[in-house]
Amino acid sequence: MPKILQSVSKEYGFKKKDYMVWSKKQEMIFTLFVFERVLDGRCYIDITIQFKPFWVDNLLWDILQMPENKNQPVSLRCVGAFSVNGCVLYKET
């Protein structure tokens, strides 16, 4: 699944990091969380699509006195422990 997800996401201008597919469009970040699990011998996929303004993590890092995070790769805003969760656009389990 991860290799398929990575190749398909590239076609649409998205990047993949760990379990997440993300894209920065102007001043917004869009994230797609994909989790797969097996239960009772069946495979299930959970999907969540979120968005957030790019500046919101900068504000959090200013408050937490972590300004060095602003210079890290954009993917930190998606998978970092000290980042703001986006607003859910779509969720399916």
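**Reading a sheet and a core**

User: How many strands does the open sheet have, and in what order do they lie?

Analyst: Strands of a sheet pair through backbone hydrogen bonds, either parallel or antiparallel. In this predicted model, the open sheet has 5 strands in the order S1-S2-S3-S4-S5, with antiparallel pairing. Strands here are DSSP runs of E with at least two residues, numbered from the N terminus, and two of them pair if DSSP finds at least two bridges between them. Strand S1 (15-17) and strand S5 (87-92) are the edge strands, each pairing on one side only. Residues are numbered from 1 along each chain as its sequence is written, local features need pLDDT of at least 70, side-chain atom pairs count only at pLDDT 80 or more, and totals for chains, interfaces and linings use all residues. Side-chain values use heavy atoms, with hydrogens and water left out.

User: How many bridges join strand S2 to strand S3?

Analyst: Strand S2 (residues 20-25) and strand S3 (residues 28-39) run antiparallel and are joined by 6 bridges, and Met-20 stands opposite Phe-33 in S3.

User: Which residues make up the largest nonpolar core?

Analyst: In soluble globular proteins, nonpolar side chains tend to be buried together. A nonpolar core is a set of buried (under 20% relative accessible area, 1.4 Å probe, protein chains only) Ala, Val, Leu, Ile, Met, Phe, Trp, Tyr and Cys residues joined through side-chain atoms within 4.5 Å. The largest one here has 6 residues, namely Met-20, Trp-22, Ile-29, Phe-33, Phe-54 and Cys-78, and the elements giving two or more residues to this core are S2 and S3.

How values were computed. Helices (H or I, at least four residues) and strands (E, at least two) are DSSP runs, numbered from the N terminus. Buried means under 20% relative accessible area, exposed over 50%, partly exposed in between (1.4 Å probe, protein chains only).
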